Amino acid sequence: TEATNQLLNYIKITLEKNGIVLMPMLAVGRAQEILLTIFEGMESGQIPKVPVFVEGMIHETTAIHMSFLEELSQEIKEKVFKEGINPFTSEYFHLLKDNIDKSEIIEVRPSIIIATSGMLTGGPALEYFKLLAEDERNSIIFTSYQVQNTLGRKLQENVREVHVPTEKGTMELIKVKLQVYSAEGFSGHSDRSQLLNYIRSLPTRPKQVILCHGEPSKLLSLSQAIRKEFHIFTYIPEIGETIKLT
């Protein structure tokens, strides 16, 4: 697909410069999709075969996927059961322990690092970012939506000097020289038209729709569309607000 080709092209550009690709990742679903994409890209020759280091909660969620291989796509099942190839246990992937010395990992180049969290709000991905940010050979590739005011969003908006927390609780200024890419098309969320179609398909119209998890302007626009077409009461709660369902 176009999204897959775009992602593999970003990876290839970085690896050919002897750089390191950092991919901040959502642990559930998205990480496994990206692992499969990278595996297939290496097998097909679209990107070089380099070490792929995986750190964070991705381990646990991938283990669940491996426990229920029969529930995955037909393509994966054929690889595993007919060809005897399990992409998740490929020799390309190196699962790292949480206490690993990250400065040693970045000595290996070119390479790919996949780590949580997906928006650089914490976790191992943030620590790797600090180590890689000031080398222009490296890149960071986002495959998930970056919420406003997160570090990930600031990088997408081309902010080249950012403050990040240190282990001592202070803030450190990082000058961003690595390349910043966003690979569109991997989102697991439904878009506006899909959400409206979902309401249309319901056998019984709801009396109320509560909208959350989105940018304020987009939530307001969707709220107005729902009210106009379906005459349903909509509500957008404030952050931290509690709603009692009865």
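## Strand β4 and its partners

Strand β1 (residues 20-24) pairs with β4 in the parallel sense, over 5 bridges. Within this pairing, Val 21 has Ile 112 of β4 as its bridge partner. The model described here is predicted.

Strand β2 (residues 52-55) also pairs with β4 in the parallel sense, over 4 bridges. Val 52 stands opposite Ile 112 in β4. Phe 53 has Ile 113 of β4 as its bridge partner.

## The parallel sheet

Which order do the strands of the open sheet follow? The order is β3-β2-β4-β1-β5-β8, with parallel pairing across 6 strands. The edges belong to β3 (93-95) and β8 (179-182). Each has a single partner strand, so one side of each is left without a neighbour in the sheet. From one strand to the next, the twist averages 20 degrees.

Strands of a sheet pair through backbone hydrogen bonds, either parallel or antiparallel.

## Burial of β4

How many residues of strand β4 (residues 111-115) are buried? The count is 5 of the 5, so the strand is largely enclosed by the rest of the structure.

In a regular strand the side chains alternate between the two faces of the sheet. In β4, both faces are covered. Ser 111, Ile 113 and Ala 115 lie on one side, and Ile 112 and Ile 114 on the other; all are buried.

## Helices across the sheet

Helix α2 (residues 30-44) lies across β1, β2, β3 and β4. The helix runs at about 165 degrees to β4.

Helix α6 (residues 123-132) lies across β1, β2, β4 and β5 (139-142). The angle of α6 to β1 is about 150 degrees. In α6, 7 of the 10 residues are buried, so the helix is largely enclosed by the rest of the structure. The buried residues are Pro 124, Ala 125, Leu 126, Tyr 128, Phe 129, Lys 130 and Leu 132.

The whole structure holds 6 salt bridges. One of them joins Lys 102 and Glu 55, with the closest N and O atoms 3.0 Å apart. Lys 102 lies in helix α5 (residues 102-105) and Glu 55 in strand β2, so the pair ties together parts that are 47 residues apart in sequence.

Are Lys 102 and Glu 55 buried or exposed? Both Lys 102 and Glu 55 are buried.

## A salt-bridge network

Arg 109 and Asp 135 meet through their side chains in a salt bridge (3.5 Å, N to O). This pair links distant parts of the chain, 26 residues apart. Arg 109 sits in the loop between α5 and β4, and Asp 135 in the loop between α6 and β5. Why does Arg 109 count as partly exposed? Its relative accessibility is 23%, and partly exposed covers values between the buried limit of under 20% and the exposed limit of over 50%.

Asp 135 also forms a salt bridge with Arg 137. Here the closest N and O atoms are 2.8 Å apart. Arg 137 is partly exposed, with a relative accessible area of 33%. Salt bridges that share partners join Arg 109, Asp 135 and Arg 137 into one network.

## A nonpolar surface patch

Which residues form a nonpolar patch on the surface? They are Ile 210, Phe 233, Tyr 235, Ile 243 and Leu 245. Together they have about 460 Å² of accessible area.

Ile 210 has its place in strand β9 (residues 208-210). At 34% relative accessibility, Ile 210 counts as partly exposed.

## The chain as a whole

The secondary structure comes to 9 helices and 10 strands. Of the 246 residues of the chain, 42% count as buried. The chain exposes about 14300 Å², and carbon and sulfur atoms supply 52% of that area.

Contacts reach across the sequence. Among those between residues at least 6 apart in sequence, 72% join residues at least 24 apart.

Technical notes
Residues numbered from 1 in each chain as written. Predicted model: local features only at pLDDT ≥ 70, side-chain atom pairs only at ≥ 80, totals over all residues. Heavy atoms only, no water. Patch = residues over 30% accessible without salt bridge, like charges linked within 9 Å, V, L, I, M, F, W, Y side chains within 5 Å. Areas by Shrake-Rupley, 256 points an atom, 1.4 Å probe, with all protein chains shown as cover. Salt bridge = Lys/Arg side-chain N within 4 Å of Asp/Glu carboxyl O. Helix = DSSP H or I, 4+ residues; strand = E, 2+ residues; numbered from the N terminus. Buried < 20%, exposed > 50% of the residue type's maximum accessible area, 1.4 Å probe, protein only. Pairing = 2+ DSSP bridges. Axes fitted to C-alpha atoms, helices over the stretch in contact; angles between N-to-C directions. Contact = heavy atoms within 4.5 Å.
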